[in-house]
Structure formats: C-alpha cells, structure tokens
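Subject: Structure for you to look at

Hello,

Here is the structure I promised to pass on. Please open it first, then read my notes below with the model beside you.

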Amino acid sequence: MLAEVVTKRLDVSNPWFVLALAVAAQLGVSFVEQGLPLLTGFVKADLGISSALAGLAVSSFGFGKIFGSYAAGVAADRLGERRVIVAGGVTVGVLAACAAASPGALVFGVLFFAGLASSTSTPAGGRLVLLAFPRNRHGLALSIRQCGIPAGALAAAASLPWIAHGWGWRTALAVAGGVTVLTMLPLASSPIERSYELESRATTGLESPARDRNIILLTVWGCLVVTGQYAILAFLPLDLHHRAGLSLASASLLVGLANGCGILGRIFWGTISDRALSRGRKPLLILLNLAGLAAALTLLATPGSAPVAIFGVVAAFAGFALIGYQGLWITLVAETAGPRRVGAATGFAVTFVQASIASSPPLYGLVADISGSFRTIWAALACVLLVALVPAVLLRET
C-alpha cells in the first residue's frame, strides 16, 4: 500500500526517475560484489584456510558473472529490462544470505550462482537507461548509472568490515544481501513498464553481436583499458609502499582518491560526449585512451622521492582517466547495438571485459615478479594502452 502511494506521487515517466531507480539497483548489486573482497581476511581467519582459498570467494562470484552476462543481456532484450534487473538483484541478495549460512566450501558454489545472477545488472540496467533518455543525454545518463558500481564499493567499505569485525563475516554478508534486496524494491514497485518492453521480445533474427565489427572493436578496447583500473586497485598501494616508503594504509588512501576521481571522470567524459555529439563520440574515446596512456607514463616517471601531494595528483589523474572510462564505453556499445539488441551487445562485451578483469591482476603481478619492481607494471600498462588505440581508431561510429 505504501509503495502504491509513493509511486502515484512520483512522475514515473520522468527519465531521471528511471535513472535513479537504475542507480539504486546497481548500487545494491555492487554492495555485495564490491564488498566481498573486503571480507576475504575475515573468511580466511574464520574458516582457517589459505589466502588462495579465501580469494576463491571473490573469484567464484566473478566467474559466475562471466558466464551469465550474455544470457542476461538477451533476456533483457526479450523479457524487458525491469523484470530482469529485479529478478537478478533479488536472487543475488537471497543467495548472498544463503552463502552466509552455508558451511565450508559450499560458500564458494553459492557465491558462483550469486555472481551468475548479478550479471543482469549492467546489460539490463544500461538498456533501461538508454531507452529512457534521448540520444543527446545518453552519455551523461549511462555514466551516472555506471557510478552505482564505485558508489556501492564506497558504501561497502564504510560498513561491511566494521560489521564483520563486530559480528563476523557471515553477518556482514547476510546484511549485504539484505541491502541488495531492499534496493530492488523501488524498481519492483514502480509502474515503469513501457511499450518497448513488449516490443523488445521481437528480437529473433537480429544479427549476433559477435558478427558486428564495431561491437567487437569496442569489446577489445574495453578489455585492454579495464586492465588499467585493476592495476591501480591491486598494485598502486604496493608500488607506493616500496618505491616511496608510504605505509600500505596511506597508499590505500590514494587508491580511494583515484576511485573518487574515477566517479567524477565517468560523469565528465559522458557529459562532454553529449555536448560534442555532432562530432561523434569516437574522438573523445581516443582522447580518453590518450589520457590513460599519459597517466600510466606519469605513474612510471614519478620518482620515489616526490612529495606525497605529487603522488596524490598523479593518482587522481590516473583514476580520472583509467577508472572514469566506463560510462563513455558503455554508451558507445549501447548506441552501436541499437535499442533492440543493446542488452545482448552489452552482455557480450561485459563477458569478455569480466574475463579481462579476472586475468589482468595476475599477469601484471607476474610482470612485477619477473622485473623485481612494481613500477614496471606501469610500463606494461602503457604498452597495453598503446595497443588499445588500434581498435579505437578503427571504430566506425554510426
């Protein structure tokens, strides 16, 4: 009854209201996904397992997302994005709570299926926002929606470790699952069903994203550029600890700064791409790529004797470029695919990007092991971003 009263007072046809619902849903799913790494130490201590096995809790969720993204995108195109988002989000929350109550190794299997369900958020959420806004607002709207991911990470960092410290990681994981379910309720109770949700079922006969040259190029570009984001998250604290003598705690604060600037970057790049729409989004994609390359080279060149403030500026610039890329990228994927297959195309691209996320930290870690220095990671990243310019230049924007 209360939900009915609230939704009657809101203009549910307003695209900004739709965007708010999409951001809330994404934040809820990300609260579990981004919160899991924060609980790794607690899981290890409680279960008495190795670090590698404790890390399996995080990777099992990620592997589930790899295998579910494309199917989730197709489901969004055929069944309607709202119901797919809600079904996936509620399933994530319920399975997170089930994992919290599961014994031993069964936790990992339950989290795999939770990751499978979480794969609905990006393709279906992107489709929901794309169809709610005109093209000259796509960049800003989709970038804001993507900000739900780092926002979920910040919310998880501010709460879950403290809950785990006081009441155990199982309680923290159960709370995270409950939060995810709650963030789905506004979308579930809002009457924003549109004619396109019924029309979206007529998707048979459409060309597969795997046969679309531009979708493939954008997927390759995303797979390469996303490695920069996870190089920062995984290795910037270690590099600054060894090179500049900062404590891991202080260096981690700079990663938080990079994340914050990444949120600003997503909104900035999306907004600028809307304002320069007459020239297309491709030039800005290339500019963003060059900014990321410059950030990697700056990380490589900054001497260890530099003041902490200089490293703060460098980390902020790196986050702005290398974490802020995603909104513009998702916008290009969505617009290239078109409304009738945006879910499938986004799911296709996210599948490979998620695989790149899972594989890039070990590969960059191998570079550091071979060279004996974390600093060489930025040289390797610069090479990767240089290669990323190739698909960016070859892209034929329509």
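Start with Glu33. It is buried, because its relative accessible area is 15%, under the 20% cut-off. Its partner is Lys65: the two side chains meet in a salt bridge, 3.1 Å from N to O. Lys65 is buried too, at a relative accessible area of 7%. The pair links distant parts of the chain. Lys65 lies in helix H4 (residues 51–79) and Glu33 in helix H2 (residues 15–33), 32 residues apart.

Keep in mind that this is a predicted model.

Now the overall picture. The protein has 18 helices and 0 strands. Of its 398 residues, 54% count as buried. The protein exposes about 16000 Å², and carbon and sulfur atoms supply 71% of that. Look at contacts between residues at least 6 apart in sequence: 84% of them join residues at least 24 apart.

Back to the charged pairs. How many salt bridges does a search of the whole structure find? It finds 4. One of them joins Arg243 and Asp239, with the closest N and O atoms 2.4 Å apart. Both residues sit in helix H12 (residues 213–243). They are 4 residues apart, about one turn of the helix.

Arg281 forms a salt bridge with Glu335, and here the closest N and O atoms are 2.8 Å apart. This pair links distant parts of the chain, 54 residues apart. Arg281 is in the loop between H13 and helix H14 (282–301), while Glu335 is in helix H16 (residues 326–337). Both Arg281 and Glu335 are buried. Asp274 joins them in a network of salt bridges.

Next, the rings. The count comes to 10 aromatic pairs. One of these is Phe268 with Phe320, a tilted pair: 5.3 Å centre to centre, 45 degrees between the planes. Phe268 is in helix H13 (residues 248–275) and Phe320 in helix H15 (residues 308–322), 52 residues apart. Phe268 is partly exposed, with a relative accessible area of 38%. Phe320 is partly exposed as well, at 25%.

Phe320 also pairs with Trp269. Their centres are 5.8 Å apart and their planes are at 45 degrees, so this pair is tilted. It links helix H13 to helix H15, across 51 residues. Is Trp269 buried or exposed? It is buried, with a relative accessible area of 5%.

Finally, find Phe67, Phe112 and Phe113. They form one aromatic cluster.

Best wishes

Notes
Residues numbered from 1 in each chain as written. Predicted model: local features only at pLDDT ≥ 70, side-chain atom pairs only at ≥ 80, totals over all residues. Heavy atoms only, no water. Helix = DSSP H or I, 4+ residues; strand = E, 2+ residues; numbered from the N terminus. Buried < 20%, exposed > 50% of the residue type's maximum accessible area, 1.4 Å probe, protein only. Contact = heavy atoms within 4.5 Å. Areas by Shrake-Rupley, 256 points an atom, 1.4 Å probe, with all protein chains shown as cover. Phe/Tyr/Trp six-rings, centres within 6.5 Å; stacked < 30°, edge-to-face > 60°.
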